[in-house]
Amino acid sequence: MQSLALEGGFQNAPTDAAHAFRSIMTAMARPGEISRVDGATPPAPLSVATGVTLLTLCDPDTPVFLGKSVNAQEIIDWITFHTGAPLVEAKDAMFAVGSWQDLTLDDFPIGTAEYPDRSATLIVEVPTLDNTGAILAGPGIKDTSRLTVPDIDAFQTNRQNFPLGLDFIFTCGNRLACLPRSTRVS
Amino acid sequence: MTDYNFAYLDEQTKRMIRRAILKGLAIPGYQVPFASREMPMPYGWGTGGVQVSAAVLTPDDTFKVIDQGADDTTNAVSIRRFFQKTAGVKVTEATEEASVIQTRHRIPEQDLRDDQILVYQVPIPEPLRFLEPSEVETRKMHALEEYGLMHVKLYEDISQHGAIATAYAYPVKVEGRYVMDPSPIPKFDNPKLEMAGIQLFGAGREQRIYAIPPYTQVVSLDFDDYPFEASKADHACDLCGAEDSYLDELIVDDEGGRMFMCSDTDYCAGRRKQGHVGAQGVPYAEDAA
Ligand SMILES: [Zn+2]
């Protein structure tokens, strides 16, 4: 393992994670709202926001799938050292990391009728993240909001599975926004 | 060096609770199972709410705790002190100053803003439990949206009492999907469940977390011929004169003398500070002296 893997974690894990979680939670509660996070510097091409999200939510209890564009030894070492999360195939993943092109949505667990929470959360690195583009509506959104999303059809299909489905965290630099399964995208 | 972690719980436990909160927000009204931990207080003291607060608080927060609307009960004071000590948060009794409010049995009278979080202590999270004791069966009923029994129970109320007698923990349907127990708040508070703030519910003994994101549709179950009514005692507060707040009734002397007062003590004190005086009240400054 290269020494780089040991760097870039939280300086003060309990409070860094507390601040990061509040940003992520607020974003999940208000789909489309863009939050800023900091405290992690993972190896490229992972963004700060992806690194922070992994450190905040992942550990040995959360199997992670790595998409092709981020499946590099340096990244594997970093995630393993800082979170202890096992790396798995898409069908067994609780979290996934990658570009939109990396992730085939049909491959991930969407939960069961009795346990819809047993579903994957996809952390998607996106090139742009702005409040323009697709129109979002649903829980957490007063009237409507807008967000640059990588696709529209895919999220409409995901919404049709509600209450089953995938939840998304879009990351770009040190910013992130969420699209839970409950959001209607048009 | 302190001998406990930030906000008491270890990091792995907080991550597990945090993941459950995110799934709860993504599936409004659905009860997410979580592995509840022992807390240094008895179950009846709201260990579910305490664990959710521990997972949510940051050192920048200002924290308020209410128990049946009051900030000064033993329960509220001890939870407030617990997080003051373990998380270094500021504490307040003023609703408008708080960023996180943990509550048992009430929603504050004052509307919450979109930067505020309300954490409920929940004793029994399953609204179908008194109709069906088996967890396997209630899971199935939620999965299949089989909520007919719940309507039958409410309708039996009507045939027996001429009205729906359920006054607390009145069931709601969230975003047209899950029937949810709003915890034992009075049904007067049900309309406030549609709010700008984030609502999180924690049941410690039953090991469930659920959530209502801001601006989510929350409908109290009812019937066309017996619509839901957010009722309260037909009185004004005897201390501050408020006619729109939820009231506690107090017997004040041996002759059976009664007094009605706001259950939300911060709301009542705020009104009295503004100069409002109820039928049995005295001006605020005089009382404080
Ligand atoms: Zn009053």
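Guide: What follows is a close look at the salt bridges, with the chain contact, the core and the metal site around them.

This is a predicted model. Over all chains it holds 22 salt bridges. Four of these are counted between chain A and chain B. One side-chain pair is Arg22(A) with Asp61(B), at 2.6 Å from N to O.

The setting is the contact of the two chains. Chain A gives 43 residues to it and chain B gives 41. About 3,400 Å² is buried between chain A and chain B, and carbon and sulfur atoms supply 64% of that area.

Now the pairs inside chain B. Arg106(B) and Glu109(B) join their side chains at 2.8 Å, N to O. Buried means under 20% relative accessible area. Arg106(B) has 2%, so it is buried. Glu109(B) has 12%, so it is buried as well. The pair belongs to a network of salt bridges that also takes in Asp189(B) and Lys192(B).

Glu135(B) and Arg208(B) form another salt bridge, with the closest N and O atoms 2.9 Å apart. This one links distant parts of the chain: Glu135(B) sits in helix α4 (residues 135-143) of chain B, Arg208(B) in strand β9 (residues 208-212) of chain B, and 73 residues separate them. Arg208(B) is buried at 13% relative accessibility. Glu135(B) is partly exposed at 26%.

Lys91(A) and Asp92(A) meet at 3.2 Å, N to O. Lys91(A) counts as exposed, at 52%. Asp92(A) is partly exposed, at 38%.

Next, the nonpolar side. The largest core has 84 residues, and those with the most contacts inside it are Met25(A), Ile21(B), Leu25(B), Val56(B), Phe83(B) and Leu200(B). Helix α1 (residues 13-29) of chain A gives the largest share, nine residues. A second, separate core of 27 residues includes Trp100(A) and Phe168(A). Back in the largest core, take Phe83(B). Beyond its neighbours within four places in sequence, its contacts include Val50(B), Leu57(B), Phe63(B) and Gln102(B).

Last, the metal. The zinc ion has four protein donors, the SG atoms of Cys237(B), Cys240(B), Cys262(B) and Cys268(B), at 2.2 to 2.3 Å. Their spacing in sequence is C-x2-C-x21-C-x5-C. The angles run from 105 to 115 degrees, so the arrangement is tetrahedral. For four tetrahedral donors the ideal is 109.5 degrees. Cys262(B) is buried at 4% relative accessibility. Cys268(B) is buried too, at 4%.

Conventions
Residues numbered from 1 in each chain as written. Chains lettered and ligands numbered in written order. Predicted model: local features only at pLDDT ≥ 70, side-chain atom pairs only at ≥ 80, totals over all residues. Heavy atoms only, no water. Donors = N, O, S within 2.8 Å, 3.2 Å for Na, K, Ca; no water. Tetrahedral: all angles 85-135°; square planar, octahedral: opposite > 155°, others 65-115°. Buried < 20%, exposed > 50% of the residue type's maximum accessible area, 1.4 Å probe, protein only. Core = buried A, V, L, I, M, F, W, Y, C linked by side-chain atoms within 4.5 Å. Helix = DSSP H or I, 4+ residues; strand = E, 2+ residues; numbered from the N terminus. Contact = heavy atoms within 4.5 Å. Buried area = accessible area lost by both parts, 1.4 Å probe. Salt bridge = Lys/Arg side-chain N within 4 Å of Asp/Glu carboxyl O.
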